[in-house]
Amino acid sequence: MRINPSRRGVLGGMAAAAFWPGTLRAASAGVSPLPGADFPPTAPGARAFLAATRAARVIGLGEATHGSHEIFELKTSFITALAQAGRLSAIGFEIGGAAMLPLDEIVREGRPDAIAPLLKATGNFTVATAEMTALIELIRRINQSRPAARRIALFGYDVQTPGADAAAIVALCDRAKVAVAFPAPFTELAANPRPIQAYNPATASAFVAAVAPARAAFQAARPALEAALGAPAVAARARLFDAIDNAFALFKQPSFEAAYAQRDAFGAQRILAEAKQTTGQVAVWAHNGHINRETHEFSGVKLLGGVLGDALGAGYFALGTAFRDGEARAQRQGVKGVIVNTLGPARDGSLDVALAALGKAYFVTLPQLERLPGWRERAAAQLGLRAIGGGYEPENDTRTYRPTTLATQYDGIAFIDTVSASTPL
């Protein structure tokens, strides 16, 4: 399904009362038993999604690429369905906790601050988009009609930004005008925020040793901080100490693959903590490769969705997305910056091709899919499913198509025929 370029601004231009960010065509008549994904509030796709996720405490909303407009639009529609049903309490994003803190405060306090500059400041192309700006604006509008206790919260669960997390802690103390006796290495960490990839075990050792005394100093100053800025703001920064600890703990892993899996396990712990403190549902916005119940093929460690599935059982719903062809923004080896990549028709024999035969745009649960002719066997087999993350290697077919067993890794699939590139800020 090709989205007309003239519609690309639809997400930001919706009236406050109409929380539906555009529409997608329903599945073709040949597969009419499958719920469509056109998503006005009463559409079959919305009703089917809400019914399928009713028992879930956490809902993983996957994406087949980090840079496709229609996938982001569809996930926004799923979030809107949950919000309009009064079931959504929080949304977790695959970015650092510090980056999400000001956005969370804006949407929950109803402040008029501009959202796009904060997303752009993350330096993360996957969230610095018009689509993500529209989603955050949408949550702010929804929250305006809710009492404070029922407003939707936003949080980041990634642990790859220890410097930014430390900077957010120090900034809070400065804003409160409370002197905190942080160790020198901790203030250095905060003054020069870098992603975890910029460190190594040798350069990180001084920072690792500084985290515990910095946490103790922050706790000692907590009554004064809360008196100045309120308990919620202080509690949110206190949680960042765990993220900093977890970031440097990645260096204890024996390989990059093991560290990758451990990063997911730490993210899952943060999501579970959020789910424990709320009575509503938590949506998780991430790549398919994180939200499914996969065990990492190299380390043998369960990734984010696997940890959530083990902890919550039927209380976790993993929704994957797939597409046939189109575009995605991603990095390419040897090419500077993030570019728009053309994605040709999916590979023969892949799950993407089989899913494309069912319709143009639809949502389907795994039990529904397995009732279709030939799909019980196909869902149980390990077949390729296209997955494009921060980088795209068109010449590396093995990396582009992840071995996937739908029956054990996902609870539902949302399919879109053709996707176009997301819009950078």
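For sorting residues into classes, Ala, Val, Leu, Ile, Met, Phe, Trp, Tyr, Cys and Pro count as nonpolar, Asp, Glu, Lys and Arg as charged, and the others, Gly among them, as polar. The model is a predicted one, in which local features need pLDDT of at least 70 and side-chain atom pairs count only at pLDDT 80 or more, while totals for chains, interfaces and linings use all residues. Residues are numbered from 1 along each chain as its sequence is written, and side-chain values use heavy atoms, with hydrogens and water left out.

Starting with the overall picture, the chain has 19 helices and 10 strands; these are DSSP runs numbered from the N terminus, with helices (H or I) of at least four residues and strands (E) of at least two. Of its 425 residues, 55% are buried. Here buried stands for under 20% relative accessible area, exposed for over 50%, and partly exposed for what falls in between, with a 1.4 Å probe and protein chains only.

Setting aside neighbours within four places in sequence, Ala52 touches Phe317, Phe363 and Thr365. Thr365 is 313 residues away from Ala52 in sequence, yet their C-alpha atoms are 7.2 Å apart in space.

Next come the salt bridges, of which the structure holds 18. The term covers a side-chain nitrogen of Lys or Arg within 4 Å of a carboxyl oxygen of Asp or Glu. One of them pairs Arg402 with Glu294, at 2.7 Å from N to O. Arg402 belongs to strand E9 (residues 401-404) and Glu294 to the loop between helix H13 (288-291) and helix H14 (304-312), so this bridge ties together parts that lie 108 residues apart in sequence. Arg402 is partly exposed, with 23% relative accessibility, whereas Glu294 is buried at 7%.

Another bridge links Asp417 and Arg324, again with a stated N to O distance of 2.7 Å. Asp417 is part of strand E10 (residues 412-419) and Arg324 part of strand E5 (residues 316-331), so the pair connects parts 93 residues apart in sequence. Asp417 is buried, at 5% relative accessibility, and Arg324 is partly exposed, at 27%. Elsewhere, Lys302 and Asp310 form a bridge at 3.1 Å, N to O. Lys302 is partly exposed at 32% relative accessibility, and Asp310 is exposed at 55%.

That leaves the empty spaces inside. Rolling a probe the size of a water molecule over the atoms shows where empty space is left. On a 1 Å grid over the protein atoms alone, a cavity is a set of points where a 1.4 Å probe fits but cannot get out, and lining residues have an atom within 4 Å of a point. Grid points are joined across faces, edges and corners, and a volume is the space filled by probe spheres set on the points. A search of the whole structure turns up three cavities of 30 Å³ or more.

The largest cavity has a volume of about 60 Å³. Its lining includes Glu294 and Arg402, along with residues such as Asn288, Leu385 and Tyr410; Glu294 and Arg402 are also the partners in the 2.7 Å salt bridge. At least two lining residues come from each of H13, strand E8 (383-386) and E9, and E9 gives the most, with three. By class, this lining splits into four nonpolar, five polar and three charged residues.

The second largest cavity comes to about 50 Å³. Among the residues lining this cavity are Glu94, Tyr157, Asp158, Arg263 and His290. Strand E3 (153-158) and helix H12 (256-276) each provide at least two lining residues, with H12 giving the most, three. Three residues of this lining are nonpolar, two polar and four charged.

How values were computed
Contact = heavy atoms within 4.5 Å. 1 Å grid on protein atoms, 1.4 Å probe; cavity = no way out; pocket = protein on both sides within 12 Å on 5 of 7 lines; lining within 4 Å.
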